[in-house]
Amino acid sequence: MIVDFYSLKLGANGLVPAIVQDADTLQVLMLGYMNEAALTKTQETGLVTFHSRSRDTLWTKGETSGNTLSLVGLDVDCDADTLLIKARPAGPTCHEGTVSCFGAEGASGVGFLSYLETLIEGRKDADPSSSYTAKLLQGPLVKAAQKVGEEGVETALAAVAETDQDFLNEAADLLYHLLVVTRAKDLSLNQILEVLMSRHS
């Protein structure tokens, strides 16, 4: 989405607040401010750029640290006075070295599934003798698929014959193995979610 800066309601300083959200986990990463030049540069380069209020100059996130924010999407709120930027971070967003400026913890809730998917993807080229995930990814697809079937049965059995904690443990195993098979097929969690959403549109 291309945003026209002059369609926005600006603050007294001619800036608009810009909330940055991880495009995959949906975790809020930081808050910055944009002027016309920052928004234009962000949309032209695909790298999130802000106006520094303390230095009164443009700065592209990660220009010195390398921890850039790659633009994925841009939305305007209902009052046209705040931007929501969806981005993919390369490294920690906060200058203190944390994932987010709003706490040291990573994604939580359903957003953690996307984070886990990223970790699984990173195991594709790992040593299978030291990584169970790499062993599944590099082995025959049928073996990884078989684990999904086994965990599905164990989850169903735990639901009717075991404790709630047993069920939760088995369900976690099922989700993990499903993500592994999805990545082994070079597909993504988002593609699965798109199918679910299409059924409820």
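Helices (H or I, at least four residues) and strands (E, at least two) are DSSP runs, numbered from the N terminus. The model is predicted: local features need pLDDT of at least 70, side-chain atom pairs count only at pLDDT 80 or more, and totals for chains, interfaces and linings use all residues. Residues are numbered from 1 along each chain as its sequence is written, and side-chain values use heavy atoms, with hydrogens and water left out.

**View A. The largest pocket and its volume.** A pocket is an open set of points on a 1 Å grid over the protein atoms alone, where a 1.4 Å probe fits, with protein on both sides within 12 Å along at least five of seven lines; its lining residues have an atom within 4 Å of a point. Volume is the space filled by probe spheres set on the points, which are joined across faces, edges and corners. For the largest pocket this space is about 400 Å³.

**View B. Lining of the largest pocket.** Of 20 lining residues, D24, S114, L189, N190 and L193 lie nearest the centre. Two or more residues each come from α2 (111-122) and α6 (189-198). The most, seven residues, are given by α6. The lining has nine nonpolar (Ala, Val, Leu, Ile, Met, Phe, Trp, Tyr, Cys and Pro), five charged (Asp, Glu, Lys and Arg) and six polar residues (the others, Gly among them).

**View C. The second largest pocket.** This pocket, about 320 Å³ in volume, is lined by 16 residues, with D22, T25, P89, V99 and Y115 nearest its centre. Elements giving two or more residues to this lining are β6 (83-89) and α2. The largest share, three residues, belongs to α2. By class, seven lining residues are polar, six nonpolar and three charged.
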